[in-house]
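Biologist: I would like to go through this model with you. Please give me the cut-off behind each label.

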Amino acid sequence: MESITNIHIYPTHGLHESRIKRSMKAAKSSGRFNKIALLALPGENHHNVLHEYSEIGCNIEFLGKARQSASIGKLLYLAHTLLYLLSHRESLVVNVHNWYSLIPVMLASILRNIKIIYEPHEVEFGTSYSLGFRSFIISIVERISLRHFITATVFVGEAVKRGYIKKYGKLYSISEATIVYSVPQTTDDTTYYNQMLPKDAGVYVGLFARGRGLELLVQAYIKTGRTLLLVGHGDMRSELENIASKHSNIRILPSLKEGELQALLSQCCSVGFSLMDTSSLSNRCASPNKFFAYIFAGVPVVVSGYGDQARITEEYNLGACLKQQSLESLLTAIEQATAIYQEGCRGFDEAKALYNYEAQQICMINTYLKVTQ
């Protein structure tokens, strides 16, 4: 077999990103690569991260010493990435996980043969932090790379793919893109979630940040008096903790590993929330992994009325779509989802059969096989 190295590029401290690990596991399962590596900036807990990636049989290589927050650090990292790619003599398949990492990979591919798999985790040109001139630059980089350099593209949902087609047209690298949803790797583990919690709580999982409907969600549960579990971390944690100190039905839990989260959702929760600020295109197209975590635990959902999560929710009757973010609309949606929880719904089994982890991994493995044939 030809000696091929698979390299993933993700210059950030967020190296617990499950999507990157899934992609690297699929590369390993394809049997086509003699080495699989992730290039990243070092973070505070990079020794723990090294262990995590060694457990899945992949390497992680930290380039440079600068923190991600320093622009000069990113520039040095990208320059180092270019040198790293040029120094390898064997064939390379490079997975690029964000737009600016395309730049050193495109430059390297001019000088040597590199097959590029582009895996944007969202609509890169349409995020809330990519407006104006920044969005213009992203569009230039993506348009050039999609037309001339990218071998295959992997999107996180059909809505994201449609967004890219509308922006750049039906280029081969877009129209033939693979869809791989961010679904959890469920287990048959029946671990009991060892906490004194009710069996019908509402739950939000994810980042404690503006634009996730948290303010409205807290208002709704203060009004009803039912238990709301907030699972995660982020800038709003102190604010939420202050609210929880005054309202005993608002409970804050730390981020959980997939097995622990699965146990919590399946044993303690009756409604799961995935609400996004839909002012940005990326958020309107989103189908977050927490949405699939709820579905696989059999928890009815209340979701924003856009994108794949809304389509899947309506198609399989898995909960309610919130078309208007108001307290009255949210309270109505919670009642609709609660009714589904009480009555049961066969749609959960149908959705799980189509969107399960194994099926998504097969899609990713087939992409690797196609690129390396």
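This is a predicted model: local features need pLDDT of at least 70, side-chain atom pairs count only at pLDDT 80 or more; totals for chains, interfaces and linings use all residues.

Biologist: Why is Ser-30 called buried?

Modeller: Buried means under 20% relative accessible area, exposed means over 50%, and partly exposed lies in between (1.4 Å probe, protein chains only). Ser-30 has 13% relative accessibility, so Ser-30 counts as buried. Cys-363 has 30%, so the label there is partly exposed.

Biologist: What is Ser-30 in contact with, leaving aside neighbours within four places in sequence?

Modeller: Contact means heavy atoms within 4.5 Å. By that rule, Ser-30 is in contact with Ile-365, Tyr-368 and Leu-369. Its side chain also reaches the backbone oxygen of Ala-27 at 2.6 Å.

Biologist: What makes Glu-61 and Lys-35 a salt bridge?

Modeller: A salt bridge needs a side-chain nitrogen of Lys or Arg within 4 Å of a carboxyl oxygen of Asp or Glu. Glu-61 and Lys-35 meet at 3.1 Å, N to O. The pair qualifies. It links distant parts of the chain, 26 residues apart: Glu-61 is in strand 3 and Lys-35 in strand 2. Strands are DSSP runs of E, at least two residues; helices are runs of H or I, at least four, and both are numbered from the N terminus. Glu-61 is partly exposed at 24%, and Lys-35 is partly exposed at 25%.

Biologist: How do you know that Lys-323 and Glu-314 form a salt bridge?

Modeller: Their closest N and O atoms are 3.8 Å apart. That falls within the limit. Lys-323 is exposed at 55%, and Glu-314 is exposed at 51%.

Biologist: What separates Glu-315 and Arg-311 along helix 13?

Modeller: They are four residues apart, so about one helical turn separates them. Their side chains meet in a salt bridge at 3.5 Å, N to O.

Biologist: How many salt bridges does the rule give?

Modeller: The count comes to 10. Arg-210, Glu-215 and Glu-239 are linked in a network of salt bridges.

Methods:
Residues are numbered from 1 along each chain as its sequence is written. Side-chain values use heavy atoms; hydrogens and water are left out. A polar contact is a pair of N or O atoms within 3.5 Å; within protein, one must be able to donate a hydrogen and the other to accept it, and residues adjacent in sequence count only if both atoms are side-chain atoms.
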